[in-house]
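Hello,

Here is the structure I promised to pass on to you. My notes on what turned up follow below it.

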Amino acid sequence: MSLFLVNRYLGEEEDGRTSKESRSQVLLAKLQQKAKERQKQSLIEQTEAQDVKKKRKTGQDSVQEPQRHKKRKSDVVALHSSDSDNHDEPVEEKKKKTKGANEKQKKKKDKSGSSAEGVSGALVSGGDGPEDTGGQEEAEKDSPEQNSQKTSAPTGFTVLGGFESKPVQKVHRVLPQWLAEPDVIHRDIKNNLVPISNISGISAQLLKKLQNNGILHFFPVQAEVIPAILESAQQGLLIGRGGYKPRDICVSAPTGSGKTLSFVIPVIQVLMERVVCEVRALAVLPTKELAQQVYKVFTSYAEGTTVKVVMLAGQKSFAAEQASLSEHRGGVRRSLADIVVATPGRLVDHINKNSGLCLEQLRFLIIDEADRMIDSMHQSWLSQVVKVVYRSGSGSETTSIFRRTEPAHITAASLSPPQVPLQKLLFSATLTQNPEKLQQLGLHQPRLFSSVHSQSSTTAAAPTTKQDRFDFPQGLTEYYVPCTLSNKPLLILHFILRMKLSPVLCFTNSRENAHRLYLLLELFGGIQVAEFSSRLSPGERKKTLKGFEQGKIQLLISTDAAARGIDINGVKCVVNYDAPQYIRTYIHRVGRTARAGKAGLAFTFLLSVQEKNFLQMVVEAGSPGIQKQMVKPENLKSLEVRYEQTLRELADVIKEEKNK
Ligand SMILES: Nc1ncnc2c1ncn2[C@@H]1O[C@H](COP(=O)(O)OP(=O)(O)OP(=O)(O)O)[C@@H](O)[C@H]1O
């Protein structure tokens, strides 16, 4: 019925000489007029109907009543069509209200007619004319809620052109191929040992050294990565395989799997063949202790060769470090280092203040604990290194045949002058799979070696999972121990005194917690205990670690200062006294045990509120399973009296410390 009406008006419209705009206004006015008439009519009908009902109730129904009722039904249809117009009215009213506030909207409305026009435009079936499109656009600009109201409201018109809100397509993140399809490293160390003589390219001198250090087999990560690095420098330091710039290498392998030797051996092997001493390898590590540890491994394998290793980690004075880097003879600078092991802060100090540090011949940039180093990128140490590495690309030396320019797109011209390529080597047990984070490192055609390769999470076609998955050492057994805040110290005492677990490396979430627990256990007595945190000087920390390694300390209470990379021989058990907040922290903490294919235990004390989230986090990260270990209250009973007494003594000691 209504469609018919509209079409009739359309006909009139076509005959008329008015502009399209005024025609539509006339059309709207007529429609509104018609609607009002119908509304009035229906109101009259409704009152009549109510009267009839009343009469029925009083038993005064006439015989003609059913016919009237029929008539009313057909009117209801007409009523709907007028309803539909009314439905647009509030929208118009709303627009009128906001008229003053939004001039732009008003202009648009004027152009395309009122909102009622817009709807009627859509009704006039499927749009032949600009008005139709304008009406649709107007309707599409409305909020989805308004649209749904419009479509769901009872109407006699057939609405053509969908206004339903379409579901927004989810964007699936996909890993780049190099991340999705890594070179796989075996997880199982013991069953995948490779005799050191099987790896070609290692000199007899280095093989001898390895044997002297008790290394007869390479671990899986070493068997994969050493040949890859050696191959990239097979044709000398100047060019990579086939004359191309060598690919950067990323290694993600579990804690204690032997990543250090997998870069130390090939780097020393390559640099043994150099003629002039220049800094050609730079290893950057996040802490002094780690730099010291890696420096030790480098020096032990460089001993007896011409390769010189220098450490810049603030263990010595700046002047002493400066002197160890280079010397001036007859006005000529001579490098005294082939390999520099540094912490980022100290390295940047030398770049800015020490002209004796020349990185223009740098061939290998080793970034150990790479995920942590990416996080510390705000220190901009990498950009500073890259700047000095390509320093020779500017100024007078640009004309030199060996000029070095920052890598850009590979073209025939860019490849023609030979230049020392800078190859980045990244290592971590928890290397991020986040391409955006890795992008900060400016990697060149990277190649990934990883022990984590699950079909579901890493194929290029499959979306990446919410949380990164990591590999855990095979010899590690994980437990969680339900506890309360008050029985935590009793539990650690029980572990050492009753269960005879030792040496134990125990982690807290703050240095205050570490110190308090240390004082408490020291006062309790019967345990050789020490603390390790930033409260101690670097010298004290070094001494403490040595004492722990030598078995002089049964229990070492530490902050996360000792969580990453530290290789302490013989740690049988790790205790997370405070549950770690992040999965990476957990993996590095528990990774201080079960190293080099050995067995180890990890216990995490969990308050009941922590249990659910913590266990979910560990399982999602790829843990093979964490078991519950209950300690019965009666097992702690015998320790309680002495413990209460110690708590009182502790209060006094803390008071004394505060007054100092
Ligand atoms: N081929 C090998 N044979 C025997 N022992 C080895 C071998 N390679 C490494 N190790 C020993 O394994 C231990 C762990 O090695 P390393 O510190 O390099 O592990 P990592 O993978 O760097 O661990 P993290 O991720 O915790 O830093 C060291 O004590 C090291 O001496």
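Helix α11 gives the most to the shell around the ligand, with three residues; helices are DSSP runs of H or I with at least four residues, strands are E runs of at least two, and both are numbered from the N terminus. Please keep in mind that this is a predicted model, in which local features need pLDDT of at least 70 and side-chain atom pairs count only at pLDDT 80 or more, while totals for chains, interfaces and linings use all residues. Residues are numbered from 1 along each chain as its sequence is written, and side-chain values use heavy atoms, with hydrogens and water left out.

The shell around the ligand has 20 residues, and His217, Lys259, Thr260, Asp567 and Arg595 come nearest (a residue is near if one of its heavy atoms lies within 4 Å). By class, the shell splits into seven nonpolar, eight polar and five charged residues; here Ala, Val, Leu, Ile, Met, Phe, Trp, Tyr, Cys and Pro count as nonpolar, Asp, Glu, Lys and Arg as charged, and the others, Gly among them, as polar.

- Thr260 has a polar side-chain atom 2.7 Å from a ligand oxygen atom.
- Gly256 places a backbone N or O atom 2.8 Å from an oxygen atom of the ligand.
- Ser257 has a backbone N or O atom at 3.1 Å from a ligand oxygen atom.

On its own the ligand has 640 Å² of accessible area, and the protein covers 82% of that (Shrake-Rupley method, 1.4 Å probe).

Lastly, some backbone details. The peptide bond from Ser502 to Pro503 is cis, and Pro503 is in the loop between α20 and β14. Glu369 has a positive phi, near 50°, and counts as buried at 8% relative accessibility.

Best wishes

Notes
Polar contact = N/O pair within 3.5 Å; in protein donor to acceptor, adjacent residues only side chain to side chain. Buried < 20%, exposed > 50% of the residue type's maximum accessible area, 1.4 Å probe, protein only.
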